Amino acid sequence: MKLELVPIPVQDVDRAKEFYSEKLGFVVDLDQRFGEEFRVVQLTPPGSACSICVGVGIVDTEPGSVQGLHLVVSDIHAARAELLERGVDIAEVEDMGAPGKPTVSYAHFKDPDGNGWTLQKLPY
């Protein structure tokens, strides 16, 4: 089994598409409408095998209700700087770890609807 698509509830599909593609640099794989009741926009983070989708008629959950999605990066400071440059409001990098143990680092941000994301740098 492979996780390949995560639906993200949003209020404004075009605003979400712009945020994920322009500010985060996700690739727009698909933007398809099937009448007024159904639209799917599938976007993939660079280098990822898993995509997200936003749209109309996709999920019934409240916009902003998805929290804790992780984007794993090899250089969290460079990734954070790039997102800041693109206009993303992202928190400072937090290093988590016990003394003498490798550090895991995090930096948190939200999409325009309040869905929560985290950059994560693993110690390996």
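Guide: Happy to! Helices (H or I, at least four residues) and strands (E, at least two) are DSSP runs, numbered from the N terminus. With those terms, the chain reads β-α-β-β-β-β-α-β-β-β along the sequence, with 2 helices and 8 strands. This is a predicted model, where local features need pLDDT of at least 70, side-chain atom pairs count only at pLDDT 80 or more, and totals for chains, interfaces and linings use all residues. Residues are numbered from 1 along each chain as its sequence is written, and side-chain values use heavy atoms, with hydrogens and water left out.

Now to the pocket. On a 1 Å grid over the protein atoms alone, a cavity is a set of points where a 1.4 Å probe fits but cannot get out, while a pocket is an open set with protein on both sides within 12 Å along at least five of seven lines; lining residues have an atom within 4 Å of a point. Grid points are joined across faces, edges and corners, and a volume is the space filled by probe spheres set on the points. The largest pocket has a volume of about 480 Å³. It is lined by 23 residues, and those closest to its centre are Phe 26, Pro 45, Pro 46, Leu 71 and Val 72.

By class, this lining holds 16 nonpolar, 5 polar and 2 charged residues. Here Ala, Val, Leu, Ile, Met, Phe, Trp, Tyr, Cys and Pro count as nonpolar, Asp, Glu, Lys and Arg as charged, and the others, Gly among them, as polar.

Which elements supply the lining? At least two residues each come from β4 (51-56), β5 (69-72), α2 (76-85) and β8. The most come from β5, which gives 4 residues.

β5 also leads us into an open sheet of 4 strands, in the order β5-β8-β7-β6, with mixed pairing. Two strands pair if DSSP finds at least two bridges between them. β5 and β6 (94-96) stand at the edges with a single partner strand each, so one side of each has no neighbour in the sheet.

Finally, α2 lies across β7 and β8, at about 145° to β8. For such angles, axes are lines fitted to C-alpha atoms, for helices over the stretch in contact (heavy atoms within 4.5 Å), and the angles run from 0 to 180 degrees between N-to-C directions.
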